[in-house]
Amino acid sequence: MPLDVKDGLKVWQRRDRNSQLAIWAVQFAAVAIFVYCWQLISDKTIWMFVTDAPRQAADMASRMMPPKWDYLSTLWIPVWDTIAIATLGTLMAIVMAFPIAFLAARNTTPSKTFIRPIALFIIVSSRSINSLLWALMLVTVIGPGVFAGVLAIGFRSIGFCAKLLYEAIEEIDETQVEAITATGANGPQILNYGIVPQILPAFAGISVFRWDINIRESTVLGLVGAGGIGLQLNASINTVTWTQVSVILLVILGTVIVSEWVSAKVRHAII
Amino acid sequence: MSHPTDSLTGRRWKRPPFIASPLLRWGLAVGAAIYLAVAFGTMEVNWSRVADGLPRAQRFLASFFPPDFTSRAEDIFDGILESLWMTVISTVVGIAISIPVGLGAARNLAPRPVYLFSRAVLAVSRTFPEIILALFAVKLFGFGPFAGFLALSIGTIGFYGKLLAEDIEDMDPVQAEAVKATGSSWFQWLNYAVQPQVMPRMIGLGMYRFDINFRESAVVGIVGGGGIGATLLTSFDRYEFDSSAAILLIIIGIVMVVEYSSGYIRRWVQ
């Protein structure tokens with residue numbers, strides 16, 4: 001423990017000189033990077049618009065009031081579509097993520113040198129492309145509509161579910177697998193009786209968690225034409241009917257809060 | 001699967017079901033089946049359009065290869081850099097703001113009114129997806145990276161503040177009490193009792209949020225929030241799919257690099 005002598009008294013210090021200097025250097029570099037990045041963004045910003053923004057925001061808020069409540073009756077079908085996109089997309093994702101997770105987990109993959117990297121690449125590319133980008137591509141290919149939304153959510157979620165699932169598979173208790181192997185079980189039987197029961201709670205938890213995230217994401221897919229409540233949001237913003245926009249925002253808020261509550265309850269019940 | 005012991009015991013072993021209560025089990029199964037049937041029924045799939053899309057998908061994928069990194073290299077480079085700045089700034093600013101909000105939202109730290117207020121801030125900034133925030137930021141602040149930066153920062157506050165508050169609520173009260181017993185002031189107490197307990201996890205989560213922000217910065221451009229998303233959208237609109245493929249590959253590459261380095265830093269910190 002480093003001590004400093006000040007006026008003949010020993011004073012405790014948290015760190016010795018070298019680590020203190022190292023921390024200062026890191027902090028200095030971080031501040032420098034931050035200032036540099038801020039400078040670059042600020043060059044591309046028209047500050048007049050920014051200083052004007054509070055007035056604009058007040059103006060927008062005043063035009064959103066009061067919400068046009070009778071618009072609500074036309075929103076039930078888009079809300080239903082949004083939930084259907086999230087649910088069916090999640091379903092599609094977990095069906096496809098299940099085998100990929102087994103191929104990617106270090107302890108169950110058939111080949112560490114060939115198949116595991118492929119499975120990991122599928123996981124990474126599915127994860128790094130946002131569902132909105134997937135939707136953009138799918139709308140170009142199969143046309144606008146709910147189906148493109150379902151596929152977009154599905155493709156995006158495969159990587160997420162498979163990643164969490166293969167981490168769960170790698171953390172299983174090997175002694176149970178060994179016990180099943182000792183009874184003379186073959187490969188599929190080991191999988192079915194030794195591994196699957198151990199990861200089933202994690203699997204259910206991951207699915208519900210992803211469903212909750214997908215509800216949130218499917219509300220915006222309509223911006224690129226892939227169905228759901230985003231279509232109405234986009235249309236209302238383009239026609240500057242702000243009283244409808246506020247209703248849509250409230251509906252999205254309600255849907256997201258309800259789905260979060262459901263997902264928290266279900267996960268609480270599982271774990 | 002009959003077994004020699006079956007005849008001795010008179011019954012067969014069956015795997016215990018995942019959901020113990022049979023009523024709940026069958027209820028959930030029937031409910032799920034009905035919901036799926038209705039959901040599929042109401043989903044209007046234009047199958048002829050989808051069938052049209054299949055050869056189109058083939059051409060689409062074919063035009064992705066080989067990815068063209070060169071002909072739009074300058075635009076792509078600018079877009080990627082803009083995304084990276086936006087990610088850095090919004091992560092830093094978001095985390096800086098989320099620290100006081102997170103402290104206020106921890107039940108064992110803050111008085112009740114502050115707690116409720118901070119929780120409300122977190123709930124509102126968490127519910128809306130970044131794209132919707134970006135949409136409104138673009139309306140208010142004009143096109144460009146500033147709008148994207150604001151949207152990502154607000155998203156970061158909701159995410160990071162909530163996790164920070166939960167982590168503080170889970171901390172070991174014994175250490176906190178020991179530091180308090182030395183007669184420390186509130187800030188000293190925060191610095192020596194609370195911060196060391198939550199720091200390792202929070203650094204990891206900060207790296208994770210950086211990763212998320214980069215991925216999101218690729219889409220805020222679609223609604224005009226600057227970054228690589230704008231370049232990507234333009235390349236789609238011009239049917240220059242080989243450039244789009246190049247952009248997507250670069251995004252995947254950067255996400256992989258960030259993910260691996262964040263995993264490395266997290267191991268180093270813990």
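Trainee: Which residues of the largest nonpolar core touch the most other members?
Mentor: This is a predicted model. The largest nonpolar core holds 109 residues, and H6(A) gives the most to this core, with 16 residues. The residues that touch the most other members are A:Ala135 and A:Leu165.

Trainee: With what is A:Ala135 in contact, leaving aside its neighbours within four places in sequence?
Mentor: A contact here requires C-beta atoms within 7 Å. By that test, and with the sequence neighbours set aside, the partners of A:Ala135 are A:Ala148, A:Gly149, A:Ala152, A:Leu221, A:Val224 and A:Ala226.

Trainee: How many residues are in the other core that lies apart from the largest one?
Mentor: Its members include A:Leu233, A:Val247, A:Ile248 and A:Ile252. The residue count of this other core is eight.

Trainee: How many residues does each chain bring to the contact between chain A and chain B?
Mentor: On the side of chain A, the helices that each supply at least two residues include H1 (17-43), H2 (47-64) and H10 (242-270). By class, that side has 32 nonpolar, ten polar and three charged residues. The contact takes 45 residues from chain A and 43 residues from chain B.

Trainee: How many of the 27 residues of H1(A) are buried?
Mentor: H1(A) reaches 39 Å from its first C-alpha to its last, close to the 39 Å expected at 1.5 Å a residue. A residue is buried if 20 or more other C-beta atoms lie within 10 Å of its own. H1(A) is hardly covered, and its count of buried residues is two.

Trainee: Is H6(B) largely enclosed or left open by the rest of the structure?
Mentor: H6(B) covers residues 130-141 and reaches 15 Å between its end C-alphas, close to the 16 Å expected. Its buried residues include B:Ile131, B:Leu135 and B:Phe141. Because nine of its twelve residues are buried, H6(B) is largely enclosed.

Trainee: What covers the buried residues of H6(B)?
Mentor: Both chains contribute to the cover. From chain B it includes H7 (145-169) and H9 (186-220). From chain A it includes H2, H5 and H9 (230-238).

Trainee: Which residue follows H6(B), with a positive phi?
Mentor: The phi in question is near 85°. The residue that follows the helix with this angle is B:Gly142.

Trainee: How far apart do the C-alpha centres of the two domains lie in chain A, and how far in chain B?
Mentor: The assignment for chain A gives domain 1 as 3-64 and domain 2 as 71-270. For chain B it gives domain 1 as 14-42 and domain 2 as 71-269. The centres lie 36 Å apart in chain A and 38 Å apart in chain B.

Trainee: How many helices and how many strands are there in chain B?
Mentor: From the N terminus on, the elements of chain B run α-α-α-α-α-α-α-α-α-α-α. The count is eleven helices and zero strands.

Trainee: What is the radius of gyration of chain B, against the globule rule?
Mentor: The C-alpha trace of chain B spans about 75 × 70 × 35 Å along its principal axes. For 270 residues the globule rule gives 18 Å, and the chain is well over that, so it is more spread out than a compact globule. The radius of gyration of chain B is 26 Å.

Trainee: What share of the residues of chain B count as buried?
Mentor: Among contacts between residues at least 6 apart in sequence, 72% join residues at least 24 apart. Of the 270 residues of chain B, the buried share is 37%.

Terms used:
Residues are numbered from 1 along each chain as its sequence is written. Chains are lettered from A and ligands numbered from 1 in the order in which they are written. This is a predicted model: local features need pLDDT of at least 70, side-chain atom pairs count only at pLDDT 80 or more; totals for chains, interfaces and linings use all residues. Two residues are in contact if their C-beta atoms, placed from the backbone, lie within 7 Å. Helices (H or I, at least four residues) and strands (E, at least two) are DSSP runs, numbered from the N terminus. Ala, Val, Leu, Ile, Met, Phe, Trp, Tyr, Cys and Pro count as nonpolar, Asp, Glu, Lys and Arg as charged, and the others, Gly among them, as polar. A nonpolar core is a set of buried Ala, Val, Leu, Ile, Met, Phe, Trp, Tyr and Cys residues joined through C-beta atoms within 7 Å. Domain bounds come from an automatic or database domain assignment. The expected span of a helix is 1.5 Å times one less than its number of residues. The radius of gyration is taken over C-alpha atoms; the globule rule is 2.2 Å times the number of residues to the power 0.38.
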